[in-house]
Amino acid sequence: MHFIKIMTAILLLLLSPFTAMAQSTNTFKVAVEVNDQIITNYEISQRIKMLEIFGAKSVSKKEVINSLINERLYTYSANELGALPNNSEIDKGLDDFAKRGNLNKKDLLAYLDTRNVSQETLLAYITSGLTQRKVIQKKFVNNIIISQSDVASAIDLEDLLSKDNFNIVEYIEIKFLNLLSDKKSLKYLNTINKMVDNCLDLQSEVKKYENISLTVHKKRRNDLQKNILNELNNLDINETKVVKNLKNENYLLMLCSRNSEMDKNTIETLRNKIFNNRINKIGKAYIQKLKGEAFVDIK
């Protein structure tokens, strides 16, 4: 009987390493192939655990896998563009991340370690965020131009000036006193348009013509007709546009000024919001393009 117990104990000892090895093999098994890169089950489980520790609720495996695929594709793009973050950028990113939780880097990593999340998991997460931003910045940021009309449209959309009774728009309207053919009126208006750079120029140029009426308007935005407001919102200061009135007659508008009565910080916040919205749209379109060109195999 004693012999059987000894043999059983020995067998258990012998079998235990194989059991652990089987679990380990499954843990590090490849879950996804992305071009020549891989994602393991270990990486997926670590990312889920880390996100849950940071307070994320209902973290789905499918969402995590999709995020990790995106990260691999951005890394691939960053390699081609020479846009991979360096060690100092990653270290600063880690420091900034820790400060959000009122911790230092050492305490944050120790905190994760007590919950069986490796520091490599957090570093990979931070590095991927930096990589994505650097790729988008290198490829697209310089092509994003936010005009005054973009800001004006955003102000209207968010109704930021609904309580402002002093929001004045100044513009010039010129039209013909006598009815001309569509072709002839367009010709004259386009000729005038080419000769002027600002509202003062326009007022001076129109004096050369006898058959043209010039009116300078200063109105609150809320008092403008919707069709006029829409046209002015699409103009930058001193920009002109030939439009048609309700009688289908051509006339020319030039925007002279906008008095938004909004502080610079509010305007800057709005511009940043427009910028971020555009970057997000560009990022979504770009990652779909990368996915379309990539080999992705989810096991």
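Angles between axes count as roughly parallel under 35 degrees, roughly antiparallel over 145, roughly perpendicular from 65 to 115 and oblique for the rest. The model here is predicted, so local features need pLDDT of at least 70 and side-chain atom pairs count only at pLDDT 80 or more, while totals for chains, interfaces and linings use all residues. Residues are numbered from 1 along each chain as its sequence is written, and side-chain values use heavy atoms, leaving out hydrogens and water.

Now to the helix pair. Helix α2 spans residues 41-53 and helix α3 residues 61-81 (helices are DSSP runs of H or I, at least four residues, numbered from the N terminus). Their axes come within 10 Å and cross at roughly 110°, the axes being lines fitted to C-alpha atoms over the stretch in contact, with angles from 0 to 180 degrees between N-to-C directions. α2 and α3 are therefore roughly perpendicular to each other. On the α2 side, Glu-43, Ile-44, Arg-47, Ile-48 and Leu-51 meet Lys-61, Val-64, Ile-65, Leu-68, Glu-71 and Arg-72 of α3, where contact means heavy atoms within 4.5 Å.

Glu-71, in helix α3, is worth a look. Its relative accessible area is 15%, which makes Glu-71 buried (under 20%; exposed is over 50%, partly exposed in between, with a 1.4 Å probe and protein chains only). Setting aside neighbours within four places in sequence, Glu-71 touches Arg-47 and Ser-128.

Further along, helix α10 (residues 226-233) has Ile-228, Leu-229, Leu-232 and Asn-233 buried. Viewed down the α10 axis, these buried residues fall within an arc of 135°, so they line one face of the helix; the arc is taken from the directions from the helix axis to the C-beta atoms.

Definitions and conventions: Helix = DSSP H or I, 4+ residues; strand = E, 2+ residues; numbered from the N terminus.
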